[in-house]
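This briefing sets out the fold, the cores and selected local features of one protein. Please consult the sequence and the structure shown below alongside the text.

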Amino acid sequence: MKKIILLFPLLFLTCLVIMCKNTKNGNTETSTEIKVEKTDSITKAEVKTIKKVNGEVSEEILLLEGTHEEVMKKVELFTTEDKTVNVIINKVPEIIKRIQFNLKPKSGSETSGLIIFTEENGSVNLKANIKGLIPGVHAIHIHEKADCSSDDGKSSGGHWNPTFENHGSWGSENGYHRGDIGNFNTNNNGEASVSFTTDLWCLNCKDPIKNIVGKAIIIHQGEDDLISQPSGAAGKRISCAGIIK
Ligand SMILES: [Cu+2]
Ligand SMILES: [Zn+2]
């Protein structure tokens, strides 16, 4: 009888380790994927978490960076249920790289969509894919609270205005709110895609004038006239999404 010798190639994963984990807790499904990159002095981990709550999907990518021990301790938090992991984890900042969530119809509308924020090289990009709109021009703003609980979306508060300026057109000399993204047009089917990039925002940084986490995205029934105070007379709030991690 012939002996079969299998030679397993030895894989040295010195640079990249990938861990995956799926959990289900009631109506919440969570899948976590972790990539770890290790060099001599520093370890970086990218933690991608996809959460499905009642079929609604949100996605988040976090970056962790520090000594190997610190980063791996923090990574443990995402892979075990053990929440008693040493305080050392607090030393490793969590940098949100990307968050993604859904817009919910408000004020009896059928306007829904997907919002993606990505932070890269000191700038944050907003991508919004919106559908179910009445064809025409609509306003999009950041409002001050990540609370979309009320039917009219008013639970999200007024425009996010951390610099206490007047409402206006983005970049205006006469002032503008840091949430005054502006207007967009739809196609004939009532769909729109919006892309907006600025270095005046950040995702979860410590500067309250820049941090948009904890606020909300609001789509309006009408157009922002960029003049009326305090919010551009853009009409009802027809879709809302909380910017949460
Ligand atoms: Cu608004
Ligand atoms: Zn405003």
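In which sense do S2 and S3 pair, and over how many bridges? They pair in the antiparallel sense, over 11 bridges, where two strands count as paired if DSSP finds at least two bridges between them. The structure is a predicted model, in which local features need pLDDT of at least 70 and side-chain atom pairs count only at pLDDT 80 or more, while totals for chains, interfaces and linings use all residues. Residues are numbered from 1 along each chain as its sequence is written, and chains are lettered from A and ligands numbered from 1 in the order in which they are written.

**Confidence**

- The mean pLDDT (the predictor's confidence in each residue, from 0 to 100) is 87 for the protein, and 88% of its residues reach 70 or more.
- Residues 4-15 have pLDDT below 50, and beyond near neighbours in sequence this stretch has 3 contacts in the model; two residues are in contact if their C-beta atoms, placed from the backbone, lie within 7 Å.
- Where pLDDT is low, the predicted coordinates should not be read in detail.

**Overall architecture**

- The protein contains 1 helix and 12 strands; these are DSSP runs numbered from the N terminus, with helices being H or I of at least four residues and strands being E of at least two.
- Along the sequence the elements follow the pattern β-β-β-β-α-β-β-β-β-β-β-β-β.
- Of the 245 residues in the protein, 28% are buried; a residue is buried if 20 or more other C-beta atoms lie within 10 Å of its own, exposed if 12 or fewer, and partly exposed in between, with C-beta atoms placed from the backbone.
- Among contacts between residues at least 6 apart in sequence, 53% join residues at least 24 apart.

**The S2–S3 hairpin and helix H1**

- A hairpin joins S2 to S3 through 4 residues, and threonine 28 has valine 53 in S3 as its bridge partner.
- Helix H1 (residues 68-79) has 12 residues and reaches 16 Å from its first C-alpha to its last, close to the 16 Å expected at 1.5 Å a residue; the expected span is 1.5 Å times one less than the number of residues.
- Val71, Lys73, Lys74 and Val75 are buried in H1.
- The cover over the buried residues of H1 includes strand S2 (28-38), strand S3 (43-53) and strand S4 (56-66).
- An α-helix has 3.6 residues a turn, so residues three or four places apart point the same way.

**Nonpolar cores**

- The largest nonpolar core has 32 residues, and those with the most contacts inside it are Leu103, Ile115, Ile140, Ala216, Ile217 and Ala241; such a core is a set of buried Ala, Val, Leu, Ile, Met, Phe, Trp, Tyr and Cys residues joined through C-beta atoms within 7 Å.
- At least two residues of this core come from each of S5 (94-105), S6 (112-120), S7 (123-131), S8 (137-143), S10 (192-198), S11 (216-220) and S12 (237-242).
- A second, separate core of 8 residues includes Ala45, Val71, Val75 and Val92.
- Isoleucine 140, found in strand S8, is buried, with 25 other C-beta atoms within 10 Å.
- Residues up to four places away in sequence aside, isoleucine 140 touches Ala128, Ile181, Gly182, Phe184, Val194, Ile217 and Ile219.
- The C-alpha atoms of isoleucine 140 and glycine 222 are separated by 9.7 Å, although the two residues are 82 apart along the chain.

**Loops and backbone features**

- Glutamine 229 and proline 230 are joined by a cis peptide bond with omega of about 5°, and proline 230 lies in the loop between S11 and S12.
- Leucine 226 also lies in the loop between S11 and S12; this residue has a positive phi of about 65° although it is not a glycine, and is partly exposed, with 19 other C-beta atoms within 10 Å.
- Phenylalanine 164, in the loop between S8 and strand S9 (182-185), has a positive phi of about 50° although it is not a glycine; this residue is exposed, with 7 other C-beta atoms within 10 Å.
- Glycine 132 occupies the loop between S7 and S8 and counts as partly exposed, with 18 C-beta neighbours inside 10 Å.
- Glycine 132 lies 5.2 Å from glutamate 110, C-alpha to C-alpha, at a sequence separation of 22 residues.
- Neighbours within four places in sequence aside, the contacts of glycine 132 are Pro105, Ser109, Glu110, Thr111, Ser112 and Gly190.
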